[in-house]
Amino acid sequence: MLYKGGCKCGAVAFEVEGEIGEVIDCNCSVCKPKGYLHWFVPEAQVRMVRRPAELGEFTFNKHALRHRFCTTCGVSPFVEGPGTVAVNARCLEGVDPGSLAVKPFDGASL
Ligand SMILES: [Zn+2]
């Protein structure tokens, strides 16, 4: 299935090919306040439709994961890692977050 996603203002837009199985709810100091529901997909399954040059980035800890956010509206639609994108399932059109299988992840203890 092809999902469309992006930020609130439309500056960031992308498409994801795949089937959402489990999403990860991480309790670390970044993911918890942002409310991410991570859907991990290989980066080849994500096609950027609009990606502003000034796309925001936050990294911490080992700096392997790039938490991206729209610098206009502040929404955080995905996190980029080596070869992988963690799409924020809350930013996908037509996806009810309450209907997803959510797996807790204890990132706070890492
Ligand atoms: Zn935006």
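At 36% relative accessibility, Arg-51 counts as partly exposed, a class lying between buried (under 20% relative accessible area) and exposed (over 50%), with a 1.4 Å probe and protein chains only. The model is predicted, so that local features need pLDDT of at least 70 and side-chain atom pairs count only at pLDDT 80 or more, while totals for chains, interfaces and linings use all residues. Residues are numbered from 1 along each chain as its sequence is written, and side-chain values use heavy atoms, with hydrogens and water left out.

Arg-51 takes part in a network of salt bridges that also links Glu-57, Arg-66, Arg-68 and Glu-80, a salt bridge being a side-chain nitrogen of Lys or Arg within 4 Å of a carboxyl oxygen of Asp or Glu. The count comes to six salt bridges, including these:

| Pair | N to O distance |
|---|---|
| Arg-51 and Glu-80 | 2.8 Å |
| Lys-4 and Glu-15 | 3.1 Å |
| Glu-80 and Arg-66 | 3.8 Å |

Glu-80 is buried at 9% relative accessibility, whereas Arg-66, at 29%, is partly exposed.

The largest nonpolar core has 20 residues, and Phe-14, Trp-39 and Leu-92 are among those with the most contacts inside it; such a core is a set of buried Ala, Val, Leu, Ile, Met, Phe, Trp, Tyr and Cys residues joined through side-chain atoms within 4.5 Å. A second, separate core of seven residues includes Cys-26 and Cys-31.

The count of disulfides, pairs of cysteine sulfur atoms within 2.5 Å, comes to zero. The sulfur of Cys-26 lies 3.9 Å from its closest cysteine sulfur, in Cys-28, which is too far for a bond.
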